[in-house]
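Please look over the sequence and the model shown below. The text after them goes through selected residues, contacts and totals.

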Amino acid sequence: MTNINFLQPLSTSATEPSLLLVTGAISLLQNYLTRLGYQAQIHFELEGCYRIDHNKDNSQKLNFTPINKYLRSLDIDGEIVSEYWRNQWEYVSLFNGQTPLKEAQNLHQVLTKLPQWFKNIYREYGEVETLITPVVWSGDQGKLASGSQQIFTHDSRTVHIPNAVQLNVSVLDHQGNNLIAEEGFGEYLQHCFLHTSLECCLLYLPDEAAFERLALKSRYGLAQELCSPVDISGGHQGSIALYKERGKHNQKMGEEPLLYDKYHKVLSVQRNWQKTARIEHRLGASSLAYNPYINVLYGLLNIIDAVHAYEKNKHLSAAAFAPISLPASLFTTKESVEKLGAVDLFNASTWFSDSLNAAQATFNQMKSNTVLDCPLPLGNKIKAMILNNYQVNFLST
């Protein structure tokens, strides 16, 4: 149980020694996977909203072409697109072959600078407020008709909008083949994420508002309107989903148009689901406290676990998984002492630190010319750094 002093967001300043430590760890794991003959592909999706002060009826919509042009000028591998709810946007990573470290750097820039970019680029609209937060309270109105996901009734009740960060993961072998499509590998990597997501939920649910987001559907009766996941679950429609032939909505994956008619309607398609097969970790909460570097580390450590198992046994199998509920809060309280909060769960676990320590030790034993000068034990130092950002005193562990 933790004794709370106060909470601080995790610092992501590019000049912080802690960030240099984490980026060094990411580089080490990337090089380690390269030495083993594999390449990790990690991509983010980030949801948020905007508000325009002078636009009382919210009838105007921002045209995202200027902001996307600006992102390209900054060499950021992503773009802003419209999302489902009113004035909701999504930053979508582009598949430009960027490394996981570059992907973390891209999202770091978006998290820290997008609000100012929106203000500068859309001055003609007035004061534009950018909301990167787990919940946008009273963000929209409406009630879906029973059994429909598109048709709204005349009920104009308030809808609180949940915003997510999604982590998409795949792995290439030395020939460029996507291992997620290989028999057993995708299932086993999903198994790794399913079994580490509870103890590491602090990494992707970094503030108290993230847990309020999880409770939106039940607390406000929005189960029909909101589809964001609330527990740790698998399959191809769960919160940690494996997409192979079928996607989240049971759609066929990897369809690529081959032939169009004169009206640009698709006449024929080819399927290459092997190319798009991936794990989608859908539990992260949009927040300025979300640290993309730490979450890339989390993704890489799960990949390394799966690769090690794959190297030992080419025909992997993963046991069935029953959904697990997430904590109700960041911290353990006297009322919930039997169910630890996210901080205590991470403090009590050893997987994150042990896995990083082991990867560092093994990589250094390879005597590679690319050995990075990171202090031992790296996993312990980064785990302590994460916990220290929450300014808590641990009475017992």
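**A walk through the model**

Thr 23 is located in helix 1 (residues 17-36); helices (H or I, at least four residues) and strands (E, at least two) are DSSP runs, numbered from the N terminus. This is a predicted model, in which local features need pLDDT of at least 70 and side-chain atom pairs count only at pLDDT 80 or more, while totals for chains, interfaces and linings use all residues. Residues are numbered from 1 along each chain as its sequence is written, and side-chain values use heavy atoms, with hydrogens and water left out.

With a relative accessibility of 17%, Thr 23 counts as buried; buried means under 20% relative accessible area, exposed over 50%, and partly exposed in between (1.4 Å probe, protein chains only). Its side chain reaches the backbone oxygen of Leu 20 at 3.0 Å. Leaving aside residues up to four places away in sequence, Thr 23 touches Leu 101 and Tyr 293, where contact means heavy atoms within 4.5 Å.

The chain as a whole contains 12 helices and 15 strands. Of its 397 residues, 52% are buried. Among contacts with a separation of 6 or more, 72% are between residues 24 or more positions apart. The accessible surface of the chain is about 18700 Å², and 50% of this belongs to carbon and sulfur atoms; accessible areas come from the Shrake-Rupley method with a 1.4 Å probe, and for residues only the protein chains shown count as cover.

Helix 4 (residues 185-196) has 12 residues. From its first C-alpha to its last it reaches 17 Å, close to the 16 Å expected at 1.5 Å a residue; the expected span is 1.5 Å times one less than the number of residues. Helix 4 is largely enclosed by the rest of the structure, because 9 of its 12 residues are buried. These buried residues are Phe 185, Gly 186, Tyr 188, Leu 189, Gln 190, Cys 192, Phe 193, Leu 194 and Thr 196. What do the buried residues of helix 4 pack against? Their partners include strand 8 (164-172), strand 13 (278-285), helix 9 (292-312) and helix 11 (351-365). Strand 9 (231-232) and strand 10 (240-243) are also packed against by the buried residues of helix 4.

Charged pairs come next. Side chains of opposite charge can pair when their charged atoms come close. A search of the whole structure finds 5 salt bridges, a salt bridge being a side-chain nitrogen of Lys or Arg within 4 Å of a carboxyl oxygen of Asp or Glu. In one of them, Lys 102 pairs with Asp 75, and the closest N and O atoms are 3.7 Å apart. Lys 102 lies in helix 3 (residues 100-121) and Asp 75 in the loop between helix 2 (65-73) and strand 3 (78-82), so this pair ties together parts that are 27 residues apart in sequence. Lys 102 also meets Asp 77 in a salt bridge, at 2.6 Å from N to O. Asp 77 lies in the loop between helix 2 and strand 3, so its pairing with Lys 102 in helix 3 ties together parts that are 25 residues apart in sequence. Asp 77 is buried, at a relative accessible area of 8%. Through shared partners, salt bridges join Asp 75, Asp 77 and Lys 102 into one network.

Glu 280 and Arg 278 meet through their side chains in a salt bridge of 2.7 Å, N to O. Glu 280 is buried, with a relative accessible area of 4%.

Rings of Phe, Tyr and Trp (its six-membered ring) pair if their centres lie within 6.5 Å; planes under 30 degrees apart count as stacked, over 60 as edge-to-face and the rest as tilted. By this rule the count is 14 aromatic pairs. Tyr 70 and Trp 117 form an edge-to-face pair, with 5.5 Å centre to centre and 75 degrees between the planes. Tyr 70 lies in helix 2 and Trp 117 in helix 3, so the pair ties together parts that are 47 residues apart in sequence. Tyr 70 is partly exposed at 34% relative accessible area, whereas Trp 117 counts as buried at 8%.

Tyr 298 and Trp 351 form another edge-to-face pair, with 5.9 Å centre to centre and 85 degrees between the planes. This pair links distant parts of the chain, with Tyr 298 in helix 9 and Trp 351 in helix 11, 53 residues apart.

How values were computed: A polar contact is a pair of N or O atoms within 3.5 Å; within protein, one must be able to donate a hydrogen and the other to accept it, and residues adjacent in sequence count only if both atoms are side-chain atoms.
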